[in-house]
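Let's walk through this fold together, from the overall layout to a few single residues. Keep the structure open beside you as you read.

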Amino acid sequence: MNEGLVIYYSRTGNTKFIGEKIAHELGADIEEVIDKKNRNGPIGWLSAGKDALSHSKTEIAESNKIQSEYDLIVIETPIRLTIQMPAIRT
Ligand SMILES: Cc1cc2nc3c(=O)[nH]c(=O)nc-3n(C[C@H](O)[C@H](O)[C@H](O)COP(=O)(O)O)c2cc1C
């Protein structure tokens, strides 16, 4: 059993920045959730918003850390119109 894990999704870097600070303070592992859909540029911006608003899931990259057991897991997501991002919902 590991102590702590910070899991985050970040499209433009803000959530990553905060996640790195939290992981550093806790001495925790950190893992980015990778959305396999292309969320770059204006089209990606729109599709991320549309998928968030429709409460859709997406395809995320495999992660060994996310499948491991931890005592504490911190999950971070950017918010779109009060709704969590599809990669974190998935
Ligand atoms: C279309 C849109 C809607 C947003 N809606 C919210 C919201 O409802 N609540 C909130 O706190 N932030 C909202 N935000 C701000 C983002 O959550 C914020 O910019 C976040 O830090 C982006 O994270 P990232 O840089 O890790 O991708 C919104 C941003 C966009 C572009």
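Starting at the N terminus, the elements of the protein chain follow the order β-α-β-α-β-β-β-α. That makes 3 helices and 5 strands, where helices (H or I, at least four residues) and strands (E, at least two) are DSSP runs numbered from the N terminus. The radius of gyration of the protein chain is 13 Å, close to the 12 Å that the globule rule gives for 90 residues, so the chain is as compact as a globular protein of that length. Here the radius of gyration is taken over C-alpha atoms, and the globule rule is 2.2 Å times the number of residues to the power 0.38. Along its principal axes, the C-alpha trace spans about 40 × 25 × 20 Å.

Before going further, please note that this is a predicted model, in which local features need pLDDT of at least 70, side-chain atom pairs count only at pLDDT 80 or more, and totals for chains, interfaces and linings use all residues. Residues are numbered from 1 along each chain as its sequence is written.

How do the parts of the chain come together? Two residues are in contact if their C-beta atoms, placed from the backbone, lie within 7 Å. Of the contacts with a separation of 6 or more, 72% join residues 24 or more positions apart.

Next, look inside. A residue is buried if 20 or more other C-beta atoms lie within 10 Å of its own, exposed if 12 or fewer, and partly exposed in between, with C-beta atoms placed from the backbone. By that count, 21% of the 90 residues are buried. The largest nonpolar core has 12 residues, among them Leu5, Val6, Ile7, Tyr8 and Tyr9. Strand S1 (2-8), helix H2 (41-53) and helix H3 (86-89) each supply at least two residues of this core, and S1 gives the most, with 4 residues. Such a core is a set of buried Ala, Val, Leu, Ile, Met, Phe, Trp, Tyr and Cys residues joined through C-beta atoms within 7 Å. Tyr9 touches, beyond four places in sequence, residues including Val33, Met85, Ala87 and Ile88.

Thr15 lies in helix H1. With 19 C-beta neighbours inside 10 Å, Thr15 counts as partly exposed. Leaving aside neighbours within four places in sequence, Thr15 is in contact with Tyr8, Tyr9, Ser10, Glu76, Thr77 and Pro78. Just after H1, Gly27 takes a positive phi of about 65°.

Finally, find Ile66 in the loop between H2 and strand S3 (70-76). Ile66 is partly exposed, with 15 other C-beta atoms within 10 Å. Not counting residues up to four places away in sequence, Ile66 touches Ile7 and Glu31.
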